[in-house]
Amino acid sequence: MYHARESRDDYDSGSLTLESRVLPSSKISLTRRHFLSQLGFYGLASSIPVGGLLSAHGKSSLASAQTTHETQSAVRNRAPLASNAFYFLPLGSIRPGGWLKSQLQIQASGLSGHLDETWADVGPDSGWLGGGGESWERGPYFLDGLVPLAWLLDDARLKAKAQRFIDWTLDHQTASGMIGPLSNDDWWPRIVMLKVLTQYQELTGDPRVIPAMNKYFQYQLAELPRRPLRDWGRFRWQDELLSVIWLYNRTGQAWLLDLARLLHKQGYNWIAQYADFQFTQRITAEYLKLNEGNGLKDLSLATHGVNNGQAIKTGPVWSLVSGVEADRSSVLKMISVLDKYHGLPNGMFSCDEHLAGPDPSQGSELCSVVEYMFSLEHSLAILGDASLGDRLERLAFNALPGTFTDDMWAHQYNQEPNQVECSLHHKPWVSDGPESNLFGLEPNFGCCTANYHQGWPKFAACLFLLSGAQEATAHDGLVAAVYAPCELRTVMRGTHLHVVEETGYPFHGSVRIVVNPALPLSFPLQLRIPAWAVGTIITVNGQPQPVPEAGSFARIERLWTSGDRVEINFPMSPYLSHWSNNSVAVERGPLVFSYGIGESWVKLRDRGMTADWQVFPTTAWNYALQIDSDAPEKSIAVTETEVGEAPFSTRHNPVRLSVRARKLNDWRAEDGVANPPPQSPVTSDQPEETITLIPYAAAKLRITAFPQCRNLVG
Ligand SMILES: [Zn+2]
């Protein structure tokens, strides 16, 4: 069977000497599991027997469920909800193409397509299949990505895997309305399963979904006053609000808005946290009193990375109910605050496990990457603010692929922008264990193993959004919200519309969109112009179009006929961004570039169909860049080649940059962790060298935030 072990045999050299660096297991103390137990709510994450198997007699709905997305139109917000700027097209309307389709196929051929075969927590004994195994968040997490992955690829094998969980969930709803394993009544894992059900319904039209959600929400509305949200559910209530609004828009039952208000009332006030932000420093275990009994549970949850990633959508989603403009725009304040105090060059905020400051050797958890992306997708649709699309691309094209092996059989829990070693050495994390930046099956803790699957498929599903007024389809238009190769089939103003987007973006700057309505059709097409894209050129059938300021949307309204060709040329000059200690990162378009350190992959242990890996550096990495800040494009040479099927892989980079650099002998690593970049500007007496930078995601050992040499600092 194909798996990571075979595909990475060539990394094994040197393992005999390097494996001696492995710490004894007794030193692996302060893990995520330990952190949860310190807070007194680990119990739900463990396996809880339910007293025998429930028979899975549910009859599959595959045969009866029709594929509906091509004829459905988007569902808009129903009064009295506020309007979105843009709406999601029914899931399945957009299919990945080109490199993005290859990337989803890599994911499906990797651990995502086999996780249930090799990891018991989502295997045949899962509580979400009626078994006695893991019965909390891991089944729903897995489904939240497996469902869109399976249907976007139209992969029968993956659909069948997902269908078993869906059928068990729908067929075992209790008379009261509760869903999920009876071994626990925690609201949180149900919040995730509701997200799964909404996606599944859009993909299949399965008639069981809406009645089941209706019954569950009725039950919860009655139950919440005496059994309120707590712990994770209290801090992640906004994710349930999305599903409540989804159902309200389809059924219009006013009591669902009562439930929305009750969730808001019981849920944590994220908007207030960011209006007067107190967590401006690296959060320490001492600050959270993690070593004193149960610790400060609320403080821990309020500074928890994944919670904050999920929280970013709170203002926009709640604003649909509250109607308050300040709620709607609070997302921009949240992002700027996180950037200011905890921002990293890969687009993330640091969180390992808690907010961790701006040092580029701090980590970001994979769950927080995919949750931040999901928050941005909804925030972008609600606000229609182009900067949210810029950030979404920055995460999708850098932080997301940067934390997986090329074959997506192994991932990290924490990734670092300056990541000079992935090993069991002492680590700089706030509270995570020493396995956190290993590549493996479930380094540190298995939440990311279950949760990462949603990243790519949900990104693919929001490449195009729908614009238009709340009630009428007569004003519908199309929005290219983020860019990647894809194909779209939908009904626009009553006419079938087929759109093809071909591009090597984000590696290349040209995007071609061919518009094919079944009959000539007038509608506006909006195109996001990223903030970095000053000087963008747009043509329609070769005719130049007016282009607005970067950081907004171009709008082309015309009578479209089949074969009309929109071509966008984004300027792709390299530029610098500034980070901790006045360090610099080199960027080009939405890609961040890194110096790829030589890598030696050393297998720590086999893990069923995959394995856990340490990665040790084989080359120096302590470079300062010698780039003219005033005209960086003049000192950076760009080499573009074709975009292959695995564009984020180590082995073929569609774009490479050559820059001048000098070694800094005083910049060192301690215990496998790079010290903070020395305050720039710096001086070096070492000879000038030319080094190659590659996309962040391709370099699994990397320097991304560099000091700058004094002689050329502007
Ligand atoms: Zn995680």
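The sections below treat the basis of the model, the chain as a whole and its pockets.

## Basis of the model

This is a predicted model, in which local features need pLDDT of at least 70, side-chain atom pairs count only at pLDDT 80 or more, and totals for chains, interfaces and linings use all residues. Residues are numbered from 1 along each chain as its sequence is written, and side-chain values use heavy atoms, with hydrogens and water left out.

## The chain as a whole

The protein chain contains 21 helices and 26 strands, taken as DSSP runs (helices H or I, at least four residues; strands E, at least two) and numbered from the N terminus. Of its 714 residues, 65% are buried, that is, under 20% relative accessible area with a 1.4 Å probe, protein chains only.

Among contacts (heavy atoms within 4.5 Å) with a separation of 6 or more, 74% join residues 24 or more positions apart.

## The largest pocket

A pocket is an open set of points on a 1 Å grid over the protein atoms alone, where a 1.4 Å probe fits, with protein on both sides within 12 Å along at least five of seven lines; lining residues have an atom within 4 Å of a point. The largest pocket is lined by 32 residues, and F88, T198, E202, W246 and H378 lie nearest its centre.

Elements that each supply at least two lining residues include β1 (86-88), α8 (187-204) and α18 (366-383). The most, six residues, comes from α11.

Notes
Buried < 20%, exposed > 50% of the residue type's maximum accessible area, 1.4 Å probe, protein only.
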